[in-house]
Amino acid sequence: MKLTINNLSGERNGQMIFSNISFTLAKGEALIITGTNGSGKSTLLRVIAGLLPAASGTVSLEDSGEFTPPEMMHYLGHLNALKPAMSIEENLIFWQQFCGNSLLDPDAALEAVALPGIGHLPAAYLSAGQKRRISIAKLLVSFKPVWIVDEPTGALDKASEQMFARLVNEHLNNGGIAIAATHKPLDIGEGVALKTKSMNMDEMPVEDTLTYGDLL
Amino acid sequence: MSDVTTSTGFLGKVWDLANPTRFLRFANRLIPVLAIITALLFAAGLYLGFSAPQDYLQGATVQIMFIHVPAMWVAMMTYSIMSISAIGSLVWRHPLADVAIRAAIPIGAAFTFLGLVTGSLWGKPMWGTWWVWDARLTSVLILFIIYAGLYALSRAIDEPTTAARSLAVITLVGFINIPIIKFSVDWWNTLHQPASISSLERIAKPALDVVFLYPLLTMALAYSFLFFTLHLMGMRNEIFRRRIRSMRMLSARAADKGA
Amino acid sequence: MIALLKRDLKLAFRVGGGALTGVLFFLAVVTIVPFGIGPDLNLLAKIGPAILWIAALLASLLGLDRLFQQDREDGTLDLIIMQPHSMTATVFIKCLAHWLASGLPLILATPIFGLFMNMEPLAIAAVMATLLVGTPAITFIGAVGAAVTVSLPRGGLLLAVLILPLVIPVLIFGVTAAYGAVEDPAPFTAPFLILCALTLFFSVLGPITAGWVLRNSTD
């Protein structure tokens, strides 16, 4: 398992956001992406996850068999993808069945994010931080080797941040790969020995050209 | 990524035009020529039309035909051009194809509207009513609603790439549907109005003498050239609009960097 | 996929009364017709099938704009797109769930409204049969409109304008077949079969197109 990003460029609204980014991540490695607002962290993650078309370059995953790279990824974006009208357990069970590859059962996953025994509650009753933790539990109920997480700890307190760092570390020890974007430098790695690489989007070169669509 | 490559051969020349800057240069040169041809054709067509003899059945109203029929032809031609552009937009993702759809929508809608209005004006003296739910009229009305819907959609989405895909998809879905709609409206019409009022064919077609045919064809040419002139102008405007948009976005970004 | 069907059905019935709202809207449309044209029972019986079809058509358009919008707003759509399922199948399942939750209750409520319209049992049965076969087509065409307007905050009206001309054939053959069952010279089988053909055609065209649009709609 090896994730290779080759000369990836991304655009939004016809503007180059980043260009020619390359890196590789092997089993058990993580990449922490830092940078200021608007530096293109989210765009980069969405391009890697296949949610935005790349302006150029490729994303490839070794040994992914018949699956495309995005199908082997968990993406945790800014939105939690929880339905307030369903109970927490129903939400988790849906994602487990829809994503396939069951890993932990919902109760165990809730325990892992330190919210045991509340599976029967409607998701609407949770606070922002709790919703975020349920969203993290979603990563645990089915197994995907690559985690793409965007500002995962935004609404979390210090303890939950460390909890998340532990979960990422566990995932890496199980042979996973993770890419995380944060605006605070390395808040995931604190206190946990991660095999991390890091990248600052502010230092990445951007070709200051308009794309073809905008040459119009 | 401006792929300004020079190609040879006819296809290569066509492909060169796909570059917006070249297209603009081409359009700037062509528009005045087209406009003059359009004006001349209209002058000739209107003169021929008004000097055509009166029909013994319809009297002077037959001259509405010279305004009405070409409008309908061009309205349908416009939709076909949009559908071809839609394929270009979806398959090659070429922005110019999308610009072509966008610019064609209001023109097509205007021609359809003109066709409906003149048809209605023609219908009053002929059928004694402004509107009948004749199969042909009904189909044209539906075509007008489709145009109107596309226009509303084209104004509702701000982001050009998203708008391009949406417009192209709906244009094509509409194109696939038009035969089905036409067929079902014909079916509906024969069921509800068993040949009480026949459409233009019975009145106009047998009477379509050469004296009517020439002005009609001239007007059809004039309308087509009017369409091409307006379409090129519309495309030019759309290109300018997008350039302004991207310049504004650039300056917004530059302001952020300067801070 | 079955998980998706179950989830969408659950959400449809839990949020905002789901099926009930559609049926109430259906009731409202059917009720205002006599106020508009007078309580002449013979006239109502004559136009009954048409009124029921138009009311059902409008009721099926209701809520169609939320078909994908809700999933997009809470980030679910991103994750659905990333999964190893074909988007065509996903859209088909979502349409099916939407139809089960909003179309089927309308059809089940049809007999009651048919009585309001002073329709004969045979006419009511014919309307039910044509609605059963025809309304899925509206959902499948509507899915394309819903996919195209997914990012628009007030896409509902636009969706209706875009979709209504395209569903006219469904309405024509639905009503024709319903009348064909009661009025003697008019045919029933031919328009009914064409209606089936339309539904089958759109059940393929709709999900493929909508799925493609959704896959490319992320930003």
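Modeller: A residue counts as buried when its relative accessible area is under 20%. This matters for what follows, and please keep in mind that the model is predicted.

Colleague: What share of the 259 residues of chain B counts as buried?

Modeller: In chain B, 48% of the 259 residues count as buried. For chain C, buried residues make up 57% of 219 residues.

Colleague: Why is Ala108(A) called partly exposed?

Modeller: The relative accessible area of Ala108(A) is 29%. Buried would require a value under 20%, and exposed a value over 50%. Ala108(A), at 29%, is therefore partly exposed.

Colleague: Where in chain A is Ala108(A) placed?

Modeller: Ala108(A) belongs to helix H3 of chain A, which covers residues 106-112. The C-alpha atom of Ala108(A) is separated by 9.1 Å from that of Ala137(A), and these two residues are 29 apart along the chain.

Colleague: What makes up the secondary structure of chain C?

Modeller: Chain C has nine helices and zero strands. Its pattern along the sequence is accordingly written α-α-α-α-α-α-α-α-α. Chain B comes to eight helices, again with zero strands.

Colleague: What percentage of the contacts in chain C with a separation of 6 or more comes from residues 24 or more positions apart?

Modeller: Such residues account for 79% of those contacts in chain C. Contact here means heavy atoms within 4.5 Å. In chain B, 81% of the contacts between residues at least 6 apart in sequence join residues at least 24 apart.

Colleague: How much of the accessible surface of chain C belongs to carbon and sulfur atoms?

Modeller: Carbon and sulfur atoms hold 74% of the accessible surface of chain C, which comes to about 8500 Å². For chain B the surface is about 13100 Å², with 71% belonging to these atoms.

Colleague: How far apart are the mean positions of the positive and negative charges of chain C?

Modeller: The mean positions of its 10 positive and 11 negative charges are 11 Å apart.

Colleague: What pLDDT does chain C average?

Modeller: Chain C averages a pLDDT of 89, and 98% of its residues score at least 70. The model scores ipTM 0.87 and pTM 0.87.

How values were computed. Residues numbered from 1 in each chain as written. Chains lettered and ligands numbered in written order. Predicted model: local features only at pLDDT ≥ 70, side-chain atom pairs only at ≥ 80, totals over all residues. Heavy atoms only, no water. Helix = DSSP H or I, 4+ residues; strand = E, 2+ residues; numbered from the N terminus. Buried < 20%, exposed > 50% of the residue type's maximum accessible area, 1.4 Å probe, protein only. Areas by Shrake-Rupley, 256 points an atom, 1.4 Å probe, with all protein chains shown as cover. Lys, Arg positive; Asp, Glu negative; His and termini not counted. Charge placed at Lys NZ, Arg CZ, Asp CG, Glu CD. pLDDT = per-residue confidence, 0-100.
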